[in-house]
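Reader: I have not seen this structure before, and I would like to be walked through it with some care. Could we take it one question at a time?

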Amino acid sequence: MNAVRRFCARLVEELQIPGDCDLDGLVQHIARVTGRELTARPAPLGPRVSGLTLATDTHGLILYQRHTTVWHQTGIVLHELGHLACRHESSPEAMVEAASLLAQVTDPAQMAQHFSAGVHARHHGYHKRAELEAEEFAVQVTARLPLLAVAGSSQAVDRLAPSLEHRRPSGAP
């Protein structure tokens, strides 16, 4: 696991992610770095897979679970960006599962025309090195950009901020 952490730390450092980056900005930053046009969008993916990346040499599409929290969606997108940043190759198992999922969420013929290779399916267990790297990438990016952890929740933060401020009564030390 230490080798995975070191690899991801070097990768995240090399990516030179802007410190004020939000999730959309990060997607576009990874797009520039990988030389792909990237889009991330929600989809009803079902219980086994929460994220899916389809990529060619020039384009990429990240599908993430529509029916979950914004925080979870952010983590899913970061994980999928990790696959792209790490330049992971697809496994035959992921391709089969991706084809099945795509048939449920979009017109498979249309998708096959644009994304015939480079599919990663996120599973709940991270037993393969690629899954460990993608997850560690997500963790390290979140550590560098802590505001991503509350992506999409600015209204909730605005409502809670006053109650989180420490106020002392006037005259108290």
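The questions and answers below go from the whole chain to single elements and residues.

Reader: How many helices and strands does the protein chain have, and in what order do they run?

Author: This is a predicted model, and in it the protein chain has seven helices and four strands. Read from the N terminus on, the order of these elements is α-α-β-β-β-α-α-α-β-α-α.

Reader: What share of the residues of the protein chain counts as buried?

Author: The protein chain exposes about 10,000 Å², of which carbon and sulfur atoms supply 56%. Among contacts between residues at least 6 apart in sequence, 65% join residues at least 24 apart. Of the 173 residues of the chain, the share that counts as buried is 40%.

Reader: Is strand E2 enclosed or open, and which of its residues lie on each side?

Author: Strand E2 covers residues 51-55, and five of its five residues are buried, so the strand is largely enclosed by the rest of the structure. In a regular strand the side chains alternate between the two faces of the sheet. Both faces of E2 are covered, with Leu52 and Leu54 buried on one side and, on the other, Gly51, Thr53 and Ala55.

Reader: In which sense do E2 and E3 pair, and which residue of E3 is the bridge partner of Ala55?

Author: E2 and strand E3, which spans residues 59-65, form a hairpin with three residues between them. Their pairing is in the antiparallel sense and extends over five bridges. The bridge partner of Ala55 in E3 is Gly60.

Reader: Where does Pro42 lie, and which residues is it in contact with, leaving aside its neighbours within four places in sequence?

Author: Pro42 lies in strand E1, residues 37-43, and with a relative accessible area of 31% it is partly exposed. Its C-alpha atom is separated by 8.3 Å from that of Gln73, a residue 31 places away along the chain. Leaving aside neighbours within four places in sequence, the residues in contact with Pro42 are Tyr64 and Arg66.

Reader: How many of the residues of helix H3 are buried?

Author: Helix H3 takes in residues 70-85 and reaches 22 Å from its first C-alpha to its last, close to the 22 Å expected at 1.5 Å a residue. Just after the helix, Arg87 takes a positive phi of about 60 degrees. The buried residues of H3 include Gln73, Ile76, Val77 and Leu81. H3 is largely enclosed by the rest of the structure, because the number of its 16 residues that are buried is 12.

Reader: Which side chain does a polar contact join to that of His83?

Author: His83 has its place in helix H3, and its relative accessibility of 1% makes it count as buried. A polar contact of 3.2 Å joins its side chain to that of Glu131.

Terms used:
Residues are numbered from 1 along each chain as its sequence is written. This is a predicted model: local features need pLDDT of at least 70, side-chain atom pairs count only at pLDDT 80 or more; totals for chains, interfaces and linings use all residues. Side-chain values use heavy atoms; hydrogens and water are left out. Helices (H or I, at least four residues) and strands (E, at least two) are DSSP runs, numbered from the N terminus. Buried means under 20% relative accessible area, exposed over 50%, partly exposed in between (1.4 Å probe, protein chains only). Contact means heavy atoms within 4.5 Å. Accessible areas come from the Shrake-Rupley method with a 1.4 Å probe; for residues, only the protein chains shown count as cover. The expected span of a helix is 1.5 Å times one less than its number of residues. Two strands pair if DSSP finds at least two bridges between them. A polar contact is a pair of N or O atoms within 3.5 Å; within protein, one must be able to donate a hydrogen and the other to accept it, and residues adjacent in sequence count only if both atoms are side-chain atoms.
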